[in-house]
Amino acid sequence: MIDHQLSGIFITDNIERYEFGNIQRFTIIWTSKQICSGQNTLEDPAPWIQLAHERTLDFQVDYLQGKKFKDEPINIKKVLDKTDENTSIVSMLSLIMDLSNRTLSNPNFQKLLSNKNIYFDVIIIEWMFSEVYAGLSNVYNCPYVWFSTVEPHWMILDLIDEAPNPSYNVDVISDSVPPFTFVQRVKELSSQVLGRLLRYYYTSSTENQLYEEYIIPHIKSRGGEVSSLDTLKYNASLVLSNSHVSLGLPIRHPVNLIPIGGYHIDSKVKPLPQVT
């Protein structure tokens with residue numbers, strides 16, 4: 001059995017993220033002996049953390065203190081009625097940038113980075129409107145993999161290949177379904193242009209500041225060569241995507257995008273209840 005040092009950086013505490021480690025076909029998870037869960041933890045140890053009980057590094061980040069959603073996190077009725085303010089790209093980016101700041105500045109996270117006895121062979125990073133965690137690959141001088149919980153979209157594909165044509169492909173938060181009308185095509189193009197402007201003028205500058213303040217000092221302390229964040233975020237080896245060709249949209253995927261649709265489904269199916 002191969003011994004791998006694996007780091008998993010997950011942005012949210014959704015149970016589906018933790019069930020990712022319950023997939024038997026990803027042998028790298030099962031054979032790993034050290035896993036760092038980079039964000040919130042659940043009260044009950046998740047399956048993939050149990051597998052690495054020998055040397056598990058856990059810490060919790062209270063990232064929603066004073067920054068909670070205006071209502072509940074997801075309100076299906078509001079989403080369908082298009083009245084949910086939490087689904088706007090601006091509010092989402094604001095929340096994620098605040099989360100990144102709280103995570104990287106967390107004393108436990110900084111203590112982890114400053115421990116030179118800890119190393120990783122590969123890092124799996126959940127993509128959630130943030131690429132600052134790509135800088136961790138520079139700290140540990142190892143490859144990393146993006147982990148996407150949604151269908152492939154222009155933001156994630158732009159990191160490993162190229163952004164698809166907005167005339168035929170939906171934005172990550174779009175409610176349109178191809179084939180598009182002319183108005184829908186204009187809307188998708190506008191969404192991509194707005195997204196690029198926000199990334200260039202807002203998230204990129206914020207992430208570069210976080211990278212310089214919280215990550216670069218640890219790269220230098222380990223004697224590594226500092227690479228720019230703009231270089232690192234395009235240097236992923238793979239993208240694990242929660243999608244499948246039988247259910248997703250018919251768009252071209254690069255060879256380093258691996259569909260893992262249904263990763264959250266437990267391999268041990270419980271029997272249906274008896275109806276009397």
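I call a residue buried when its relative accessible area is under 20%, exposed when it is over 50%, and partly exposed in between, with a 1.4 Å probe and protein chains only.

I note that this is a predicted model, in which local features need pLDDT of at least 70 and side-chain atom pairs count only at pLDDT 80 or more, while totals for chains, interfaces and linings use all residues. Residues are numbered from 1 along each chain as its sequence is written, and side-chain values use heavy atoms, with hydrogens and water left out.

Entry on the whole chain. I looked up the secondary structure and found 10 helices and 7 strands in the protein chain; helices (H or I, at least four residues) and strands (E, at least two) are DSSP runs, numbered from the N terminus. Of the 276 residues in the protein chain, 45% are buried. The protein chain exposes about 15,200 Å², with carbon and sulfur atoms supplying 55% of that area, as computed by the Shrake-Rupley method with a 1.4 Å probe. I also looked up contacts, meaning heavy atoms within 4.5 Å: among those between residues at least 6 apart in sequence, 63% join residues at least 24 apart.

Entry on strand pairing. I count two strands as paired if DSSP finds at least two bridges between them. Strand 5 (144-148) pairs with strand 6 (residues 238-241) in the parallel sense over 4 bridges, and W146 has V239 of strand 6 as its bridge partner. Strand 6 also pairs with strand 7 (residues 257-259), again in the parallel sense, over 3 bridges, and here S241 has P259 of strand 7 as its bridge partner.

Entry on backbone geometry. I kept in mind that most residues other than glycine have a negative phi, and that most peptide bonds are trans. F129, which is not a glycine, has a positive phi of about 60°, and I placed F129 in the loop between strand 4 (122-126) and helix 7 (136-140). F129 is buried, with a relative accessible area of 8%. N141, also not a glycine, has a positive phi of about 50° and lies in the loop between helix 7 and strand 5. N141 is exposed, its relative accessible area being 72%.

Entry on the cis bond. I found a cis peptide bond joining P178 and P179, with omega about 5°. I then located P179 in the loop between helix 8 (154-160) and helix 9 (182-221).
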